[in-house]
Amino acid sequence: MCDQTFLVNVFGSCDKCFKQRALRTVFKKSQQLSYCSVCAEIMATDGLHENETLASLKSEAESLKGKLEEERAKLHDVELHQVAERVEALGQFVMKTRRTLKGHGNKVLCMDWCKDKRRIVSSSQDGKVIVWDSFTTNKEHAVTMPCTWVMACAYAPSGCAIACGGLDNKCSVYPLTFDKNENMAAKKKSVAMHTNYLSACSFTNSDMQILTASGDGTCALWDVESGQLLQSFHGHGADVLCLDLAPSETGNTFVSGGCDKKAMVWDMRSGQCVQAFETHESDINSVRYYPSGDAFASGSDDATCRLYDLRADREVAIYSKESIIFGASSVDFSLSGRLLFAGYNDYTINVWDVLKGSRVSILFGHENRVSTLRVSPDGTAFCSGSWDHTLRVWA
Amino acid sequence: MSSKVAIGSDIGQARRAVEQLRMEAGINRVKVSRAATDLLQFCTEQAKSDPFLVGIPAATNPFKEKKPCAIL
């Protein structure tokens, strides 16, 4: 488990017995504490009934898993595409590349739209983060990060700042300034600190909080101003690769996907995992909420995209074809949720009819893997970034 | 001592897993037919305002080329 991966030999005062001992990090109700090894063992066996042994707990876990599957299966009375038979089929789509953004020196790894539906921030393996005007294709800002492989970037809701991070294990916030004399890198603020690479980041509803996902297996919520850790989310058994916040204003949940093939839905206030889904056969590269907030889609290295309904608590659709054998790296919905755009490692973008489960269109153009894909905030276009060093805006 | 601690943490892990599963087994679920109908309803309601489905004229879409104007 990730919270035991890093055995740092810290000596200090134990949080429970206050003796000076070698400390281990333990989590009690999601709160991080430092216990000496004696107190850690006592805590683990606290409140154990006489007959509770490792074996009995493991068998109880197995039987609970079985019960969970039974409960889910009971409600599986129909398939989504069967219910969707009464909906009209979609017509032909003509989607072309309308803009090509050139300027990165290496693979484009991540991109995000600004709420003004026009600006785009993108990050690349060469360490550069660029802010573009997608209408004119001009570059408005450029920052060079101290590390290569900037795997995550995000635009602040106000449009006044960007966040990015990658192999430096941090998430940094840069305020955007139009003053030519100001060096953007000078105002950089380091917000998040993980113990492994940063794979995804997103501002919450305001510029004040950032949610991050990391290769150290955890997600975390940070206060931008103070850099303080507000909440951490433990549960993934391997690197967390992606996250997405629930769309509604009052929603306090987010979904994350990882290399442990699990997609987990978290309550942001308590730090608890409320639902978990494990039907993919390989790493989950991308997760995105359905616009209503009641479902989410995931794209995985097993060459499928899947739709999970949160109220039915199960997978309700698989988007796959025998001819598609390369992993899906990035997914996003159109405004109504009827279309699912998915970028793949075979350089193509497939457009799926979410309700009927069929592929509507296949888009060619990129000359290498599509690594990131986002629909614009007003739904008029979507942008894809690729290992071929370019970004394309399609409409 | 070290092997005892390792077992202690295994039990701790197993307990947390059992508690998590208990909680997950207890949540309220709806039937897929109901959930699917709701997804459908949301889609059809929002379809009118989805530019990809409805198609907005080239003049208003900032990304599409505008037709050239001819000066008469």
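In the predicted model, A:D313 lies in the loop between β23 (305-309) and β24 (314-319) of chain A, where strands (E, at least two residues) and helices (H or I, at least four) are DSSP runs numbered from the N terminus. The phi angle of A:D313 is near 55°, a positive value in a residue other than glycine. Most residues other than glycine have a negative phi. A:D313 has a relative accessible area of 1% and is therefore buried; buried denotes under 20% relative accessible area, exposed over 50%, and partly exposed the range in between (1.4 Å probe, protein chains only). This is a predicted model, in which local features need pLDDT of at least 70 and side-chain atom pairs count only at pLDDT 80 or more, whereas totals for chains, interfaces and linings use all residues. Residues are numbered from 1 along each chain as its sequence is written, chains are lettered from A and ligands numbered from 1 in the order in which they are written, and side-chain values use heavy atoms, with hydrogens and water left out.

A positive phi, near 75°, is also found at A:Y347, a residue other than glycine. A:Y347 is placed in the loop between β26 (339-344) and β27 (349-353) of chain A. With a relative accessibility of 39%, A:Y347 counts as partly exposed.

A:S134 occupies the loop between β7 (128-133) and β8 (138-144) of chain A and is buried, at 0% relative accessible area. A polar atom of the A:S134 side chain lies 2.5 Å from the backbone oxygen of A:R118. Residues up to four places away in sequence being excluded, A:S134 touches A:R99, A:W113, A:R118, A:I120, A:V393 and B:F63, contact meaning heavy atoms within 4.5 Å.

Chain B comprises 3 helices and 0 strands, arranged along the sequence in the pattern α-α-α. Of its 72 residues, 33% count as buried. The contact between the chains draws 71 residues from chain A and 48 residues from chain B. Together the chains bury about 5,200 Å², 69% of it on carbon and sulfur atoms; buried area is the accessible area (1.4 Å probe) that two parts lose on being put together, summed over both.

Across this interface, 3 salt bridges are found, a salt bridge being a side-chain nitrogen of Lys or Arg within 4 Å of a carboxyl oxygen of Asp or Glu. One salt bridge joins the side chains of A:E60 and B:R22 (2.7 Å, N to O). The side of chain B that touches chain A receives at least two residues from each of α1 (2-25), α2 (32-46) and α3 (51-54) of chain B. The most is given by α1(B), with 18 residues. The residues of this side of chain B divide into 24 nonpolar, 11 polar and 13 charged; Ala, Val, Leu, Ile, Met, Phe, Trp, Tyr, Cys and Pro count as nonpolar, Asp, Glu, Lys and Arg as charged, and the others, Gly among them, as polar.

Note on methods:
A polar contact is a pair of N or O atoms within 3.5 Å; within protein, one must be able to donate a hydrogen and the other to accept it, and residues adjacent in sequence count only if both atoms are side-chain atoms.
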